[in-house]
Amino acid sequence: MAEKRIGIVMNGVTGRMGMNQHLIRSIAAIRADGGVRLKSGDVVMPDPILTGRNGDKLQALAKAHGIDRWSTDLDAALADPKDEVFFDAAATRLRAGLIRRAIAAGKNIYCEKPTAETLADAVDLARLAKAEGIMHGVVQDKLFLPGLRKLKMVIDSGFLGRILSVRGEFGYWVFEGDWQPAQRPAWNYKAAEGGGIILDMLCHWRYVLENTFGAVKSVSCLGATHIPERVDDDGTRYAADADDAAYATFELEGGIIAQINSSWCTRVRRDDLVTFHVDGTHGSAVAGLHKCWTQARVNTPKPVWNPDVPQTIDFFATWDEVPDNAVYPNGFRAQWEMFLRHLAGEVPEFPWNLEAGARGVQLAEAGIQSWRERRWVDLPDLVI
Ligand SMILES: NC(=O)c1ccc[n+]([C@@H]2O[C@H](COP(=O)([O-])OP(=O)(O)OC[C@H]3O[C@@H](n4cnc5c(N)ncnc54)[C@H](O)[C@@H]3O)[C@@H](O)[C@H]2O)c1
């Protein structure tokens with residue numbers, strides 16, 4: 001049994017996603033478990049160097065998770081041929097420039113979404129990666145959520161029959177920061193800093209819709225900035241001029257209609273922070289982050305509209321839960337493991353790459369265009 005080391009420059013890991021999901025739940029956890037075992041019996045061991053602006057934070061983070069290497073000199077890290085991968089989870093607006101630098105330095109790329117703020121940049125990155133022949137991947141974590149994986153199994157089983165429609169509800173209340181601290185970074189609410197929920201979330205919805213239901217043909221999106229002023233972590237008031245809610249409808253191939261509300265200004269009264277309700281001719285399903293429930297046509301109750309009588313049916317009780325027949329690891333870790341297998345040559349095709357990332361940005365940009373121009377926007381095929 002041989003151990004194959006894979007050196008990874010991990011950038012932006014002092015941030016929320018980089019630290020919690022990518023460093024702690026994924027790379028540090030994989031290292032603690034002895035690496036990723038390949039079918040050949042060999043083991044892939046990720047060896048990260050943490051990069052960022054603040055040496056003290058990087059040092060503390062590295063120490064806390066048993067990592068030897070950190071640096072505030074990204075250029076030097078990119079120049080080191082022993083580290084073959086560049087990973088980025090820094091703020092969105094920096095991403096395209098960072099990935100360009102890393103591709104120029106010959107690195108393979110793995111990064112958070114969105115891959116860029118504009119479609120032109122996202123396509124350019126995908127083309128550069130193709131031209132350089134590097135390996136590349138983009139985080140598409142929602143596909144690896146247990147709830148979505150169960151939903152996919154339900155769909156593939158044929159249980160739903162012909163799918164008619166999908167209703168997605170995503171979001172929760174993000175506190176304004178004055179009377180309770182906000183639970184998301186302030187840049188998310190500033191247009192000039194790469195904020196905005198349409199750019200943030202529609203790139204997720206592209207791969208979720210595409211991989212679960214069918215290709216997205218067209219989008220109609222209404223954005224809103226419901227809370228125009230917020231307070232940052234230092235107590236400074238700022239103009240929150242980015243969109244903080246998006247009400248979008250998508251036409252999918254096969255005539256499926258999907259509606260997804262994404263909002264940082266909604267209070268949750270549903271099964272989970274995201275839910276997808278799918279209705280088909282033979283059955284329906286509702287998926288949350290972890291769970292999935294189904295209702296077959298033979299189990300469908302028959303309500304009768306009568307506003308004079310309080311509802312007698314407990315609608316939630318008329319659904320069955322899909323059991324946990326498999327073990328579902330953390331979705332970010334599952335995708336990291338697959339990317340490491342891809343780097344090691346065990347997984348030849350890695351479909352969630354910069355091209356898929358560009359399709360996500362394409363949907364976000366089309367959503368913004370639809371909002372601005374108050375019309376449906378069709379999505380042409382992307383040629384990379
Ligand atoms: N996959 C998902 O579900 C998911 C969820 C949330 C965020 N994200 C994405 O992850 C990325 C980070 O989001 P976050 O919520 O962790 O943000 P964050 O603000 O918590 O972290 C941002 C990181 O970028 C670094 N950074 C910011 N400005 C910088 C600069 N000028 N130079 C160098 N470093 C800088 C910060 O130090 C920090 O490490 C975003 O692109 C976002 O779209 C993905």
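**Ground rules**

I number residues from 1 along each chain, as its sequence is written. Since the model is predicted, I take local features only at pLDDT of at least 70 and side-chain atom pairs only at pLDDT 80 or more, while totals for chains, interfaces and linings use all residues.

**Overall size**

I counted nine helices and 18 strands in the chain. For both I use DSSP runs numbered from the N terminus: helices are H or I with at least four residues, strands are E with at least two. The radius of gyration comes out at 22 Å, close to the 21 Å from the globule rule for 384 residues, so the chain is as compact as a globular protein of that length. That radius is taken over C-alpha atoms, and the rule is 2.2 Å times the number of residues to the power 0.38. Along the principal axes, the C-alpha trace spans about 70 × 55 × 40 Å.

At the contact I find 14 residues of domain 1 and 13 residues of domain 2, where contact means C-beta atoms, placed from the backbone, within 7 Å. On the domain 1 side, helix α8 (residues 331-343) gives the largest share, three residues. By class, that side has four nonpolar, five polar and five charged residues. My classes: Ala, Val, Leu, Ile, Met, Phe, Trp, Tyr, Cys and Pro are nonpolar, Asp, Glu, Lys and Arg are charged, and the others, Gly among them, are polar.

**The nine-stranded sheet**

I traced an open sheet with mixed pairing, in the order β17-β16-β15-β14-β8-β13-β12-β9-β18. I call two strands paired if DSSP finds at least two bridges between them.

Strands β14 (residues 274-280) and β15 (residues 283-287) run antiparallel over four bridges, and His277 has Val286 of β15 as its bridge partner. Helix α6 (residues 146-156) packs on this sheet and touches β14, β15 and β16 (292-296), its direction making about 165° with that of β15. My axes are lines fitted to C-alpha atoms, for helices over the stretch in contact, with angles from 0 to 180 degrees between N-to-C directions. Helix α7 (residues 197-212) also packs on the sheet, touching β8 (163-171), β9 (216-224), β12 (245-252) and β13 (257-263), at about 25° to the direction of β12.

Next I looked at β13. It pairs with β8 in the parallel sense over seven bridges, with Gly168 bridged to Ile260. Strand β12 pairs with β13 in the antiparallel sense, over seven bridges; there, Tyr247 has Asn261 as its partner. The β12-β13 hairpin has four residues between the strands, and Gly254 in it takes a positive phi near 80°.

**Strands around β1**

Strand β1 (residues 3-11) pairs with β3 (residues 43-51) in the parallel sense over nine bridges, and Ile8 stands opposite Pro48. β1 also pairs with β5 (residues 83-88), again parallel, over five bridges. In that pairing I see Met10 bridged to Phe87.

**Ligand shell**

I got 19 residues around the ligand, the closest being Gly15, Arg16, Met17, Ala90 and Pro185. A residue is near the molecule if its C-beta atom, placed from the backbone, lies within 6 Å of it. Helix α1 (residues 16-32) supplies the largest share of the shell, three residues. I sorted the shell into seven nonpolar, six polar and six charged residues.

I noted a cis peptide bond from Lys113 to Pro114, with omega near -15°. Pro114 sits in the loop between β6 (108-111) and α5 (119-132). Arg374 is not a glycine, yet I read a positive phi of about 50° for it. I place Arg374 in the loop between α9 (354-373) and β18.

Technical notes
Contact = placed C-beta atoms within 7 Å.
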